[in-house]
Amino acid sequence: MQPDEVRDEVRAWIAEHWDPELSLAEWRRRLVESGWAAASWEPRWHGRGLPAWADGVASSELHRADAPGLPLGGGTALAAPTILEHGPDSLRARFLAPILGGTETWCQLFSEPGAGSDLAGVTTHAVLDGDRWIVNGQKVWNTSAHHADFGLLVARTDWDAPKHRGLTYFVLPMHQAGVEVRNIRQMNDHRSFNEVFIADAEIPREYVVGAVGDGWTVALTTLAHERRFAGGDRSPIQGGGPAREQARHEMDDYLQTYRWYPQRAGRVDLAIPHAHERGRGSDPLVRQEVARLWAMHKVSEWTALRARAARAAGRPPGAEGSIGKLSSSRIARQAAAVHSLIGGADAMLAGPDSRFGGTIAEILVSVPAQSIAGGTDEIQHNILGERVLGLPREPGANDKIPFRDIPRN
Ligand SMILES: Cc1cc2nc3c(=O)[nH]c(=O)nc-3n(C[C@H](O)[C@H](O)[C@H](O)COP(=O)(O)OP(=O)(O)OC[C@H]3O[C@@H](n4cnc5c(N)ncnc54)[C@H](O)[C@@H]3O)c2cc1C
C-alpha cells in the first residue's frame, strides 16, 4: 500500500468507529482490534504488517480527529518492541495488547548500585525453583517503578558463565510482597525514580524474554529503543467526551513523573525570550552564545528527522541514537550556560517568586541528568568509537572468565 491509500483507509476507519462518548478502554480496544494501533506489527500481533511509516500515518490521522492514540511510557517505548522482537509467543500473546491498550504499565529494572554503565555486571540474581524463578537483589534509578505493574528485569542466572553470557531478561510482576519500591527525592525536588529492593520475589517460569542466558542481547534491544525514544506525541487532545477526558487524565498522570524533563533538556525555547526580558538581546557575547545554541539545536533536529526517515524506510536503529543522545547532552549544557550568562546571579534563585518562576534554577540542577540517563556520554563515545568508527574495543580482560571470579567490591 502507498501512504495515501493508508491515510484514506485509516481516515475511513476512524469516521466509522471513533466515538468520543466511548470509554478510553473501549476505544483503545477497538483501535487495537483494528490493527491501526500498531500498523507495522504483524497481523497476528495486532498489526497490519505494513512498513514502519504506516505507524506515523495512523498516528497523525488519529491526532487530526482528536482521537486518543497509543499510551505514552515504558510499555509502548521499551517493553513492546523488546517483547515483539525476542518473544516468545506466549509473552507476546499475554502482554502486547494490554500495552497497546494502556491497561498495564511498565518500568525498566536495569541499573544497580554497582552496575550502571557496566550493566553486564549486575548481581541481582534469579534461581529456577519448580515452575517459578526466585529473585534477589537491588535495582536503582528506576523511573516510574512506583506506578508500574511490571518491570523489565535483567538478572544473573549463571555465575559460572562470562559476564555477558550469564544474564537472563525477565518480566517481573511488581505487585508482590518480595518487591519494595522506595521513591527517591532528587536535587531538583522532583521524585521520578526509585530504588527497588527485591527479596525472594517470584516470577512465573515462562516470563523469560528471549532465551535463558541470552539476556544481554535482549537488553541491547531495549537500550537501542531507549536511546532513540523521543517521548511520543505529547500534544494534548482537544474536545469533550469520556474517551478524551480519560486520555487527558492519563497523559497528565504520566507527565507528572516527567514534568522536569523539558528543563533537563535545557529549555532552548526560553533562551531568546530570556535574553530580551533581561535586555541582553544586543550584547554581542550573548548573541553569539544564543546563536551557537540555536545552530546546535537545529542540526540535532534535522539529524533526528533524517533518522526517522531512515526508520520509516525500514532500516534498523543505527548510530543516530548515540549521536542524538550525545548532541542532546551538549545542547542541554550549552543551554544551561546561556541561561546563566543571561540571568547572572538571578539564575540561582529558585521558587515561583523568582524570574521565570524558578525555571532557570531548575534547568541548572536538572541538566546533568541529560548526560547520564539512558547511557552516559562517555559510554556513547565508546559505542560510536567501536561500532561506527571501528576503533579497537575497550580492554575487557574480565570478559572471558566466569563472573564469580571477577573481583567486585
Ligand atoms: C533521569 C534518569 C532516569 C533513569 N532511569 C532509569 C530507569 O528507568 N531504569 C534503570 O535501570 N536505570 C535508569 N537510570 C540509570 C542510568 O541508566 C544510569 O545512571 C547510567 O547507566 C549510568 O550508570 P551509573 O549511574 O551507575 O554511573 P557509573 O556507571 O558508575 O558511571 C560513573 C562515571 O564513570 C564513567 N564511566 C563508566 N564506565 C566507563 C567506561 N567504560 N568508559 C568511560 N567512562 C566510563 C561514566 O560515564 C560516568 O561519568 C536513569 C538515570 C537517570 C539520570
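Throughout these legends, Ala, Val, Leu, Ile, Met, Phe, Trp, Tyr, Cys and Pro count as nonpolar, Asp, Glu, Lys and Arg as charged, and the others, Gly among them, as polar. This is a predicted model, in which local features need pLDDT of at least 70 and side-chain atom pairs count only at pLDDT 80 or more, while totals for chains, interfaces and linings use all residues. Residues are numbered from 1 along each chain as its sequence is written, and side-chain values use heavy atoms, with hydrogens and water left out.

**View 1. The shell around the ligand.** Here 20 residues surround the ligand (each with a heavy atom within 4 Å of it), and the closest are Ser111, Ser117, Trp141, Thr376 and Glu378. By type, the shell has nine nonpolar, eight polar and three charged residues. Helix 13 (377–388) and helix 8 (261–264) each supply at least two of the shell residues (helices are DSSP runs of H or I, at least four residues, numbered from the N terminus). The largest share, three residues, comes from helix 13.

View 2. Look for pairs of N or O atoms within 3.5 Å. A backbone N or O atom of Gln108 sits 2.8 Å from a ligand nitrogen, and a polar backbone atom of Phe110 is 2.9 Å from a ligand oxygen. Asn142 brings a polar side-chain atom to 3.4 Å from an oxygen atom of the ligand.

**View 3. Leu305 in helix 10.** Leu305 has its place in helix 10 (residues 284–312). Leu305 counts as partly exposed because its relative accessibility is 45%, between the cut-offs of under 20% for buried and over 50% for exposed (1.4 Å probe, protein chains only).

Terms used:
Polar contact = N/O pair within 3.5 Å; in protein donor to acceptor, adjacent residues only side chain to side chain.
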